[in-house]
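Here are my notes on this model, as numbered points. Please read them with the structure open.

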Amino acid sequence: MNKIVVDGKKFVDEFGRQRIFNGVNYCDKGEFNGWGVPRTFHLNGNEDTENAVRELSEKGFNIIRLGVTWAAIEPTPGKYDEEYIDRIEAFANLCEKYGIYFYLDLHQDLYGGPSNAGDGAPVWACMTDGKKFKPVRFVWAEGYFFRKAVHKCFDNFWANKEYDGIGIQTRFLNMWSHLAERFKDHPALFGFDLFNEPFPGTSGGKVFRKLIFNLAKTVLTDKRCKKLWMIKQLLTGNAVRVLEPFSDPELFRKVTSAGDELVRKFDEEIYSDFISRAAKTIRNVTDNGIIIMENTYYSNLGIPYCAKPVSYDGIKEKNLCYTPHAYDLMVDTPAYKYASDSRVWSIFSEQKKSADRMDVPLMVGEWGGHSDGYEWLSHIDFLLEKFDENQWSHTYWSYYREMFESPIAESLVRTVPVAVCGKINSYKHDKKNNVFILEFNQERQFDVPTVIYAHKEIESIETDGEYEIISLGKNGGRIEIRTNIGNHKVTIKFK
């Protein structure tokens with residue numbers, strides 16, 4: 001597989017072709033989550049796993065954000081579970097077999113610990129200062145908002161408090177070093193996502209309180225909040241709909257701005273140093289792979305992400321990208337059909353400012369969600385169109401076994417450019433007219449073709465180059481086009 005590196009604000013391969021990644025999250029969190037629902041997957045390496053990877057490839061997915069946990073890798077301090085790491089490697093080998101890149105995501109939700117609290121860190125690494133983990137009562141994320149045990153775990157992690165004579169953060173980075181050593185030369189390796197949705201700790205609880213206070217104040221004082229309508233929704237069992245007025249990005253931002261200063265302080269004074277230290281840990285092992293920065297948890301709401309670009313030894317990391325996350329407030333509820341395009345796009349617009357500030361590519365790390373029916377799919381289609389406009393790669397949250405038999409397949413399975421000889425000017429999948437159009441500028445000759453994944457049977461192709469269609473099974477195909485220097489337009493019409 002081609003080695004992928006960063007060139008300005010885009011990804012390129014070793015031939016200099018611009019690369020676009022269309023992907024999913026595939027996350028192994030363990031047996032059960034905190035509210036009694038089975039976790040997404042185990043990296044069990046059985047036939048079902050290979051079938052899943054093969055089908056993803058056939059459906060045009062070319063990257064996987066592979067979530068694994070510290071608890072599974074280092075269940076005992078200083079002793080790594082090599083059998084589990086073998087399973088990660090077996091999955092990576094399947095990715096290579098089917099032409100899919102992967103990047104390792106050290107996943108966590110609510111830091112970790114006992115099964116009723118979260119996932120991520122092993123129990124021995126949960127330093128709560130005597131505070132007790134409590135079961136979930138309302139929503140999965142409540143530990144972030146007001147659970148002191150979760151806050152203390154993060155406080156002690158960022159402070160690198162010692163466990164048995166070694167700082168807890170140092171132990172985490174030692175684990176990363178061990179993992180990087182195993183995967184440093186893997187052909188399908190895209191990069192290293194060093195910490196999922198870092199949370200500030202005790203100051204994160206303060207952010208939540210500020211947001212709730214500001215929300216109440218805004219509802220009471222801003223004329224755009226229709227109080228009688230909101231009361232009616234509460235009384236008729238539609239409480240989640242009271243958030244609809246906050247589809248107005250300006251009103252939504254008025255509320256979230258209450259957390260700006262605390263998030264800025266965490267990003268600049270704590271997280272920046274951590275992510276640079278973590279990146280240097282990886283680079284002490286290998287120069288391969290892209291270093292991946294995530295936004296802090298509350299930046300999922302559009303609060304500005306303020307961390308500095310990764311640098312160490314006085315030099316900015318050259319292969320660095322930013323993978324923000326964003327979801328609508330209605331996500332994973334029956335009210336997801338009311339998801340707001342404008343609200344979520346205002347979050348991504350803020351995330352774009354962060355990528356531009358750091359002068360790095362943006363790849364959306366988590367987005368989407370799931371609900372029954374079809375009404376919510378227009379929201380998914382809207383976001384995909386905006387990603388295409390900005391030439392953003394993405395990994396959808398998340399893969400599940402019935403994905404391609406469900407309504408979401410109608411949106412996620414689509415035609416995309418994979419590798420383009422030159423600079424992409426634009427690309428668009430026009431679902432209404434059943435057409436895909438790619439325009440690009442080629443400044444030199446290439447020994448390899450431009451590659452496009454086509455998601456269904458083709459009626460015609462218009463291009464000034466020579467092309468070949470390679471079947472991938474189940475109506476999917478790979479189009480390889482050879483062109484000369486100049487501006488080019490490719491139009492694909494589907495049956």
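1. Just after H5, Asn160 takes a positive phi of about 55 degrees. Helices (H or I, at least four residues) and strands (E, at least two) are DSSP runs, numbered from the N terminus. This is a predicted model: local features need pLDDT of at least 70, side-chain atom pairs count only at pLDDT 80 or more, and totals for chains, interfaces and linings use all residues. Residues are numbered from 1 along each chain as its sequence is written, and side-chain values use heavy atoms, with hydrogens and water left out.

2. Helix H5 deserves a look. Eight of its eleven residues are buried, so H5 is largely enclosed by the rest of the structure. Buried means under 20% relative accessible area, exposed over 50%, and partly exposed in between (1.4 Å probe, protein chains only). The buried residues of H5 are Ala149, Val150, His151, Cys153, Phe154, Asn156, Phe157 and Trp158. Their cover includes helix H2 (70-73), helix H4 (142-146), helix H6 (168-183), helix H7 (202-221) and H10. Contact here means heavy atoms within 4.5 Å.

3. How many disulfides are there? The count is zero, where a disulfide is a pair of cysteine sulfur atoms within 2.5 Å. Cys153 is a case to check. Its closest cysteine sulfur, in Cys126, is 4.4 Å away, too far for a bond. Cys153 is buried, at a relative accessible area of 1%. Cys306 is in no disulfide either: the nearest cysteine sulfur, that of Cys321, is 19 Å away.

4. Aromatic pairs come to a count of 50. Rings of Phe, Tyr and Trp (its six-membered ring) pair if their centres lie within 6.5 Å; planes under 30 degrees apart count as stacked, over 60 as edge-to-face and the rest as tilted.

5. Compare Tyr399 and Phe404. Their ring centres are 6.4 Å apart and their planes at 50 degrees, so the pair is tilted. Tyr399 is buried at 3% relative accessibility. Phe404 is buried too, with a relative accessible area of 12%.

6. Which residue lies over the face of Phe404? Lys59 does, at 5.8 Å from the ring centre. Arg241 also has its charged end over a ring, that of Tyr338, 4.4 Å from the centre. The test: NZ of Lys or CZ of Arg is within 6 Å of the ring centre and within 35 degrees of the ring normal.

7. Now backbone geometry. The peptide bond from Trp397 to Ser398 is cis, with omega near -15 degrees. Ser398 lies in the loop between strand S15 (393-396) and helix H13 (409-412).

8. Glu197 is not a glycine, yet has a positive phi of about 40 degrees. Glu197 is in the loop between strand S9 (189-193) and H7. Buried or exposed? Glu197 is buried, with a relative accessible area of 4%.

9. Asp359 is not a glycine either, and its phi is positive at about 60 degrees. The residue sits in the loop between helix H11 (341-358) and strand S14 (363-364). At 42% relative accessibility, Asp359 counts as partly exposed.

10. The second largest pocket holds about 400 Å³ of space. On a 1 Å grid over the protein atoms alone, a pocket is an open set of points where a 1.4 Å probe fits, with protein on both sides within 12 Å along at least five of seven lines; lining residues have an atom within 4 Å of a point. Its lining has 21 residues, of which Arg19, Asn62, Gly99, Val418 and Arg478 lie nearest the centre. Strand S16 (416-420) and strand S19 (450-454) are the elements that give two or more residues to this lining. S19 gives the most, with three residues.

11. Last, Lys132. This residue is in the loop between strand S6 (101-106) and H4. Lys132 counts as exposed, at 66% relative accessibility. Its C-alpha atom is separated by 36 Å from that of Pro309, 177 residues apart along the chain.

Notes: Grid points are joined across faces, edges and corners, and a volume is the space filled by probe spheres set on the points.
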